[in-house]
Amino acid sequence: MEVGASHEARGARANVSMWALAFTGAIVLAGCGTTHATIETSRGEELMLLGFDPVGYFTDAKPVRGKHTIAATHEGRTYYFATPEHRGAFIAAPARYEPQYGGFCSNGAPYGVKMGSDPTQFEVVGRRLFIFGDVQGKEFWLLDRDDNIRHADELWPGIRDKGWRTQSLEAWTFKVPWYRDGRSLMARWKEQHPGREMNYDTGGTLNNVLFKYPGWRAREGYSQERLGVPGEPDDPLASR
């Protein structure tokens with residue numbers, strides 16, 4: 001029995017190793033990913049925030065859709081703005097308005113994960129803009145807001161210039177000591193919000209890491225309203 005058990009265990013380990021190698025190889029073939037949560041537009045721009053106005057979060061305290069005809073580029077990243085005045089404010093002080101952690105989900109950043117970006121899910125704390133991958137990421141982040149900011153601030157300089165796919169895979173493989181999985185965070189959230197439910201389909205690991213791009217759920221309307229992108233074929237306002 002012991003010999004058989006040992007043989008089965010070796011087989012299981014081999015299967016896991018083969019899956020990991022295949023998965024890692026697929027990641028490499030798919031590319032390491034952009035360093036910031038950008039998407040490429042039909043005009044060749046590396047667009048942030050799916051075209052939402054970074055200044056609007058501060059002036060209007062809500063997500064404000066930008067116009068592709070009012071754009072500005074900073075360090076290769078393009079932003080759209082609702083008004084020329086917002087564009088001017090950004091050009092004068094881009095660091096004041098750019099989202100933290102490359103526009104990736106601020107709930108992943110404390111763990112070194114660079115994934116997810118939904119411009120409708122945000123928080124402004126101390127004149128800093130924090131974007132989340134979805135409503136669930138925002139709610140989980142709020143459970144330990146200050147600690148999450150501190151950890152992410154410490155990690156970001158070392159991961160800023162790494163592609164999001166390879167960095168996220170590395171972060172999951174070599175987890176930080178304070179790592180918390182979704183199940184434990186959900187349990188804590190339910191304790192603090194008795195009687196409430198938060199049902200959100202994140203789309204699965206393969207979609208989020210391999211087949212899709214940061215912000216795909218918000219853009220395509222997966223488990224939420226479809227945002228599209230201003231000036232692109234999927235622009236929901238194009239026919240209005």
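Author: The largest cavity in this predicted model has a volume of about 80 Å³. Its lining is made up of 13 residues, and those that lie nearest its centre are G116, N208, G215, W216 and R217. Helix α10, which spans residues 216-220, provides the largest share of this lining, namely three residues. By class, the lining of the largest cavity consists of six nonpolar, five polar and two charged residues.

The residues A37, I39, L47, L49, L50, S117, P214 and G215 line the second largest cavity. The lining of the second largest cavity contains six nonpolar and two polar residues, with no charged residues.

The open spaces may be considered next. The largest pocket has a volume of about 630 Å³. It is lined by 23 residues, and N107, V113, M115, W172 and T202 lie nearest its centre. Helices α5, α8 and α9 (205-211) are the elements that give two or more residues to this lining. The largest share, three residues, comes from α5. Sorted by class, the lining of the largest pocket comprises eight nonpolar, eleven polar and four charged residues.

Two of these contributing elements, α5 and α8, also meet each other. The axes of α5 (residues 135-143) and α8 (residues 182-192) come within 10 Å and cross at roughly 75 degrees. Because an angle of 65 to 115 degrees counts as roughly perpendicular, α5 is roughly perpendicular to α8. On the α5 side, the contact involves Q136, E139, F140 and L143, while α8 brings G182, L185, M186, R188, W189 and Q192. The residues of this contact divide into five nonpolar, three polar and two charged.

Of the 13 residues that line it, E98, P99, Q100, Y101 and W156 lie nearest its centre. The lining of the second largest pocket has six nonpolar, four polar and three charged residues.

Note on methods. Residues are numbered from 1 along each chain as its sequence is written. This is a predicted model: local features need pLDDT of at least 70, side-chain atom pairs count only at pLDDT 80 or more; totals for chains, interfaces and linings use all residues. Side-chain values use heavy atoms; hydrogens and water are left out. Axes are lines fitted to C-alpha atoms, for helices over the stretch in contact, and angles run from 0 to 180 degrees between N-to-C directions. Helices (H or I, at least four residues) and strands (E, at least two) are DSSP runs, numbered from the N terminus. Angles under 35 degrees count as roughly parallel, over 145 as roughly antiparallel, 65 to 115 as roughly perpendicular and the rest as oblique. Contact means heavy atoms within 4.5 Å. Ala, Val, Leu, Ile, Met, Phe, Trp, Tyr, Cys and Pro count as nonpolar, Asp, Glu, Lys and Arg as charged, and the others, Gly among them, as polar. On a 1 Å grid over the protein atoms alone, a cavity is a set of points where a 1.4 Å probe fits but cannot get out, and a pocket is an open set with protein on both sides within 12 Å along at least five of seven lines; lining residues have an atom within 4 Å of a point. Grid points are joined across faces, edges and corners, and a volume is the space filled by probe spheres set on the points.
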